[in-house]
Amino acid sequence: MALSSLVAFGVVFVGASLVLSVLFNLVLLACTPALRRLGPWVERRAAASAIILPPVIAIGLVAVLAVGSALAILRGSDHCLDHSHHLHLCLKHGMAWASRPWALCLVISLATFVAVRSALSAWAHWGAQRAAARLRAVGAPIDQTGCYLVPSQERFAFTAGLLSPTVVVSSAAWHALDSDERDAVLAHELAHVAHGDLRLRAILGLAAALGFPFLVNRTLRLWELSAERICDRRAALAVQRPSTVASAMLALVRAAPPKLAPEGAIFAAACHVPERVESVLREEPDGERPSRRLMAATVLAAVAVTATCGLFSEPIHHILETILG
Amino acid sequence: MDVVWRRSSPMPVRDVCGHLKGDSTLAYTTVMTTLDRLYKKGLLERHKDGNAFVYEAAMTRDEYRRRIVESTVAGLMERSSDANPVLAAFIDVAADADEGNLKRLEKLIAERKRSGR
């Protein structure tokens, strides 16, 4: 089997991933108001599922087709010779796909796009890791919290570093807040660390490269906003007063310096502040329990889809051959 | 830099070597090259005293730490992008404050604080 034999399976993967991405993200779009009522955990997990499941199910589909083809070849019941009217999704005869320019271009383009995006992401996160280490070295630990206070006239508080997330608060931000607001800011950032938000966002960013561009970008924004709202809720619980979290947000927005970063370059977009303040003041449910049920249902559905593909691998195989060939 | 910061007056290379002796056995030329590099980076100032240069810190230790932080944070922002954010901020430093909206939210918060929440 040559590497070029895999082009056909690559085409199936790309096509399935894109179609499922459109489907999942449109369903998410339609369900957003209902998910909002259930709480930010539900939104977060639904958004993550809409981004991650399409490529995962597509991999499952390709695996089922490839295993089916491998078994047929091993048993000597390879059907390819019976079909001469179109190309075959087969590990043995799939090489013919590589002679189709559109198929080869599609697979190579996506592989290059994903590779470049992964490399850029790795480079950016490596730099952020080093920057976090530098800030730890320059900063002073804040009590036993694992957070660092760094000298700066700019007002910021953030978590950076993929491998060892570090919470950093500038001295200007620290002095602009009262004692309870400081605790709220630290609790918010520590919640990001506890939930592994930066790591998850990096994984979602890579999975989003395999989805339908405009729709997955919108879903990523939804995931980011829900992640912020969850951390706001955790901070409100930690300080026992939601209004303290809200006033900390406004205190820092009031003191925001001139633009340093391009819009969207960091989690909490400016336009999210009013929504987050209102959300934390409403004290709406965080939706953790329904989100667990949603996750269980999603995993079951994904397993069911893959199992169905396995059971009906032969007809699916032929249908896909006919469509693509 | 620690040695230079500890002394408030300008120091010749030989004095810097003398203060470093306890820590390691660095050659005179190594220290001279290092001081020259720190001068070129703008961290030290120097002027001629006879045939030799004397060095002093161009900024205080606090000022130096502040500059490191601000350049590191600016670098982080540059690396971060819409498709690939590398940090999670409490509030976006790019926040555009809409005064009317902020006042409305402040009123909302004040009401909540009055009710004890």
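So, which pattern does chain B follow when you read along the sequence? The answer is α-β-α-α-β-β-α-β-α, which comes to five helices and four strands.

Quick housekeeping. This is a predicted model, where local features need pLDDT of at least 70 and side-chain atom pairs count only at pLDDT 80 or more, while totals for chains, interfaces and linings use all residues. Residues are numbered from 1 along each chain as its sequence is written, chains are lettered from A and ligands numbered from 1 in the order in which they are written, and side-chain values use heavy atoms, with hydrogens and water left out.

Three strands make an open sheet, ordered 1-3-2, with antiparallel pairing; two strands pair if DSSP finds at least two bridges between them. Strand 1 (11-12) and strand 2 (44-49) of chain B each have a single partner strand, so they sit at the edges with one side lacking a neighbour in the sheet.

Strand 2 of chain B is joined to strand 3 (residues 52-57) of chain B by six bridges. In that pairing B:L44 stands opposite B:A57, and B:E45 has B:E56 as its bridge partner. The hairpin of these two strands has two residues between the strands, and B:G50 there takes a positive phi near 75°.

What packs on the sheet? That's helix 3 (residues 28-40) of chain B, touching strand 2 and strand 3 of chain B, where contact means heavy atoms within 4.5 Å. Its direction makes about 120° with that of strand 2 of chain B; angles run from 0 to 180 degrees between N-to-C directions, with axes fitted to C-alpha atoms, for helices over the stretch in contact.

Now B:R66, in helix 4 (residues 61-79) of chain B. Buried or exposed? Buried, at a relative accessible area of 18%; the cut-offs are under 20% for buried, over 50% for exposed and partly exposed in between, using a 1.4 Å probe and protein chains only. B:R66 touches A:P151, A:S152 and A:Q153, leaving aside residues up to four places away in sequence. Across chain B, 35% of the 117 residues count as buried.

Last stop, chain A. The axes of helix 1 (residues 7-38) and helix 2 (residues 40-75) of chain A come within 8 Å and cross at roughly 160°. Their contact residues split into 23 nonpolar, four polar and two charged; Ala, Val, Leu, Ile, Met, Phe, Trp, Tyr, Cys and Pro count as nonpolar, Asp, Glu, Lys and Arg as charged, and the others, Gly among them, as polar.
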